[in-house]
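Here are my notes for you, point by point. Keep the structure open while you read, and stop wherever you want to look something up.

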Amino acid sequence: MRIIEVSSPAHQQEFLEMAVRLYQREPNWIRPLDKDIEGLFHSETNKLFKLGAKAKRWLLQDEKENTIGRIAAFVNPKMKEKQPTGGIGFFECVEKREAAFLLFDTAKIWLQDQGMEAMDGPINFGERDKWWGLLVEGFSPPNYNMPWNFAYYKDFFEAYGFQIYFKQFTYMRPVQGVGFDQKMIERANKVIDDPDFEFRHMKGRELSEKAPEYFMTVYNKAWARHMGKSLTLKETQLMFSKMKPIMDGRLIYFGFHKGEPVSFFINIPEINQLFKYVNGKLDLIGKLKFLYNKIFNPPNKMLGLVFGVVPEFQGKGVESAMIMAYNEKFAKHDSFPYKTIEMNWIGDFNPKMMRVCEQLNAEIYKTHHTYRYLFDREKPFERHPIFE
């Protein structure tokens, strides 16, 4: 076997195409958009490089020069850990343990040379909401920008010595025909009856002009300390701008107390139900296929992107009230086009959010593992701390 560093346009294309060949007989796999992966490894499209991030990619070939594996390793300066920790991701490999271990070794050696003391994987070279974790349960088609992999990958990681740093759960529930926890209903009604509270979806100019500001306000109070970073208004405006082609205002809901935003949830149509038709390409033909299916074969599943309540209103029924108000406004009506909702990326270190999902009578539908490998094998392993 031979390791080849990705160093040319031909190598870059092979990095994408080897996965297509590997999964060609797997009906549940959906080819990611080429630009969503390739763009991560170029300074023009990934701003982490401007902060000092580094990345390398490798291909693995057999004796006949067939590509049988790939891996990426990266150092992300935004990862704040007790020990310097790098990442590995975009791992693909045939069912051959020696091949997988050679790829892991290659990434580990490079990360050690960068001064790292551990590596997490498989993770994204960027934000946690994309390409994060190894699928270990629930091998149904992936949601947009979520990984799908063969079941035997779990053995590769654990046999090599990776340990579970945290688990990520995807919860699912039908939009209609499933009730809510009675305690949740009681808490919600107390808030809904309080005239100081208002819950509404975004539409018109409020969606384009005010929603980013509302989102920034709640996010920075509810999530910034956990994620290690606050959002600026410019960043949230860019996020909403990027979502605009697929955004449905009915799926973006905010809660207000005396006119000030205190909670939100943001859902989107599950667009992998559309991207599965474009074969990874958003060229002219791919865009036409996307638009055709958006009109004539629209998604019937919505994806929960993010949910937040400012700290002073957490545990007081605001999240329950927002969800119940939304159900009354949209979800319970037969004309509502979305039949299921999946809530991605609920870490097992966030028991409050897990309880919210359970109160919605949602069930764990998929499980991903994020692994950590300590280079000092004598050092005690610690799992991700629990959010208080």
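Predicted model: local features only at pLDDT ≥ 70, side-chain atom pairs only at ≥ 80, totals over all residues.

1. In which loop does K258 lie? K258 sits in the loop between strand 9 (252-257) and strand 10 (260-269). Helices here are DSSP runs of H or I with at least four residues, strands are runs of E with at least two, and both are numbered from the N terminus. Phi of K258 is near 50°, a positive value in a residue other than glycine. K258 is also exposed, with a relative accessible area of 62%. For that label, buried means under 20% relative accessible area, exposed over 50%, and partly exposed in between, with a 1.4 Å probe and protein chains only.

2. Residues are numbered from 1 along each chain as its sequence is written, and side-chain values use heavy atoms, with hydrogens and water left out.

3. Now have a look at N361. N361 has a positive phi of about 60° although it is not a glycine. You'll find N361 in the loop between helix 12 (351-359) and strand 13 (363-374). N361 is partly exposed, at a relative accessible area of 34%.

4. P122 belongs to the loop between strand 5 (118-121) and strand 6 (134-137).

5. Zooming out, the protein has twelve helices and 13 strands. A compact globule with 388 residues would have a radius of gyration near 21 Å, and the protein has 22 Å, which agrees. That radius is taken over C-alpha atoms, and the globule rule is 2.2 Å times the number of residues to the power 0.38. Buried residues make up 54% of the 388. Along the principal axes, the C-alpha atoms fill a box of roughly 70 × 50 × 40 Å.

6. How many cavities of 30 Å³ or more are there? The count comes to two. On a 1 Å grid over the protein atoms alone, a cavity is a set of points where a 1.4 Å probe fits but cannot get out, a pocket is an open set with protein on both sides within 12 Å along at least five of seven lines, and lining residues have an atom within 4 Å of a point. Grid points are joined across faces, edges and corners, and a volume is the space filled by probe spheres set on the points.

7. The largest cavity has a volume of about 370 Å³. Of its 31 lining residues, R70, E92, W131, P147 and W148 are the closest to the centre. Strand 4 (85-93) gives the largest share of this lining, four residues.

8. The second largest cavity comes to about 40 Å³. Its lining includes P147, W148, N344 and H368.
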